[in-house]
Amino acid sequence: MEKNGITYIETDLKGIQLLRSSQLNKGTAFSDTERKKFSLKGLLPPVVETIEDQMQRAYHQYSLQTDDLQKNIFLNNLYNTNETLFFRLISEYIEEMMPIIYTPTAGLAIQHYSDEFRTPRGVYISYPDQDNIDEILNNLSNDIDLIVLTDSEQILGIGDQGANGIGISVAKIVIYTLCAGIDPKRMLPVMIDVGTNNPHLLRDPLYIGWRHSRIQGEAYGQFVNKVIKSIKQKFPDVFLQWEDFGKKKARCNLDQYHDKICTFNDDIQGTGAVAMAAILNASKLTHTKLSDHRVVIFGAGTAGCGIADRICEWMMKEGMSSEEAHSKFWLMDSQGLVTDDRKNLDYFKAPYARPQEESQNWAKEGKTTCLLDVVCNVKPTILIGTSTVNSAFDKEVIKAMASGVEHPIIFPLSNPPIMAEATPENILRWTDGNAIVATGSPYPDIILKDRSISVAQCNNALVFPGLGLGIICAQAKRVTSGMIDAAVKELSDSVNLQDDHHSLLLPKVSNLQEVSMNIAAAVVKKAIAEEAANINPKTDIIKLVNENIWKPIYVPYQQIKQFKASK
């Protein structure tokens, strides 16, 4: 609220209750006036500190943690104690702390979530509670703009993590605030607990989730439908992000609900968008038209097919027919090359199925077609890994890529690093420094021939925060392909490419906040042009975006006035 030009917050909390509210707690930064007004005298040490003083202490404590998991735990404890200080700290040290609160450390933290569980955050909707979903949601405020929803079947390359997966929804919420300034009080992490097929979790006496094998088929579909129906009823204008669902469910859910609720799948659409931006810039560096690329994607799951779809749509936007565009792709999954003789082929892979006769003589006698066979015969210009198969891009594969094209574009995108298809250092050494590389996890600069080379990280955080902010600002009715393309173009254009094939393909994490603001503005502009927005078309877009940005600063508090009933 605002009074006499001063922004303040009204609250009826006092004393210990106020200190225990992570969203309102200022700790030692409460002024003497506030301490008296809100019954805090004696509950805090006498010194009154600034947020900068607190941040110095918090960073010192953070630095004392012995490993990345302990650093993650420390930051989450701070998040659950003082939300404003938490966001101020990680904003100040964004490059250092983002890998701790997000990928790759988030995966490790999720695996230990039940062991380290301290404070509940977000909402758990379990299958046994399917008749109480409205009651669960009615426990919440109506002022929610964004929900990150997961069923935790396929978390960050580490698979089924059951109820522990709430950790990925929480991490995404944090990134939305950190990178795009979306108000953390107006976002909600949601875990739909449909059981787990992870035997370790089912045996773990500390596991916090529903101890049951995963619900499948019609029962699963009906449960998800109940959840979405209740969410839509409670939050009719919410932006819903699907996160880390299994590959079949992810695609089916997105296709089923994209016209029923304003929705987006980061694993499919976000991954596709950030990879597309990197490919556009790599194509500029190699002076290659998009239509001239030959693309091999190793790992035809949620992310791999999402990347293929985005590139394919972009090719079609540039004038190719659907058939011509799809002919530029060779997809590989756990069964090998995706071919048209497959039975029960996933519908989202079917458009990319190659004629079976094309590859019938590629493999050695008695062997199935492997990645090396595909690379040697296709001579791709682009090789993308989303398989979580460590070292799948071995020396033979990389050298075969380099033999077919001067500057091969190679993106090992699986994370965490122990599941990456190759390290950027090996790729560059095996190609004599000629490859153009982007990775899924952050890597330090590589020294090659006395030169330091920075490697771009295809981090979804480059896209989804700005997209989400734009959708909220535009009050968008739906997420369109055009809005995602606007985000891709803005991300691609945010990099000043050098006349050098080692030029960084994507912006650094340190520039994420500025990039997200620009993406948000581009998304709002596109939403208005496509009549998908629910705002005045003449709105000052930059001003609108800035007005919707929450900043981690302490503001004064005022007590909610209590009115006595008339006698």
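Tutor: A term is needed at the outset: pLDDT is the predictor's confidence in each residue, from 0 to 100. Contact, in turn, means heavy atoms within 4.5 Å. This is a predicted model, in which local features need pLDDT of at least 70 and side-chain atom pairs count only at pLDDT 80 or more, while totals for chains, interfaces and linings use all residues. Residues are numbered from 1 along each chain as its sequence is written, and side-chain values use heavy atoms, with hydrogens and water left out.

Student: What is the mean pLDDT of the chain?

Tutor: The mean is 94, and 98% of the residues reach 70 or more.

Student: Next, isoleucine 484. Is it buried or exposed?

Tutor: Isoleucine 484 is buried, with a relative accessible area of 1%. Buried means under 20% relative accessible area, exposed over 50%, and partly exposed in between (1.4 Å probe, protein chains only).

Student: Which residues does isoleucine 484 touch?

Tutor: Not counting residues up to four places away in sequence, isoleucine 484 touches Phe264, Gln269, Ala273, Arg310 and Val479. The C-alpha atoms of isoleucine 484 and alanine 273 are separated by 6.9 Å, although these residues are 211 apart along the chain.

Student: Changing topic, which residues of the largest nonpolar core touch the most other members?

Tutor: They are Leu75, Phe329, Leu505 and Leu506, out of 114 residues in that core. A nonpolar core is a set of buried Ala, Val, Leu, Ile, Met, Phe, Trp, Tyr and Cys residues joined through side-chain atoms within 4.5 Å. Another core, of 30 residues, lies apart from it and includes Ile133, Ile136, Val224 and Tyr257.

Student: What does leucine 506 touch?

Tutor: Beyond four places in sequence, leucine 506 touches residues including Val274, Ala277, Ala278, Leu491 and Val495.

Student: And the pockets? How much space lies in the largest pocket?

Tutor: About 1300 Å³. A pocket is an open set of points on a 1 Å grid over the protein atoms alone, where a 1.4 Å probe fits, with protein on both sides within 12 Å along at least five of seven lines; lining residues have an atom within 4 Å of a point. The volume is the space filled by probe spheres set on the points, which are joined across faces, edges and corners.

Student: Which residues lie nearest its centre?

Tutor: Of the 45 lining residues of the largest pocket, those are Gln23, Asp183, Pro184, Lys185 and Arg186.
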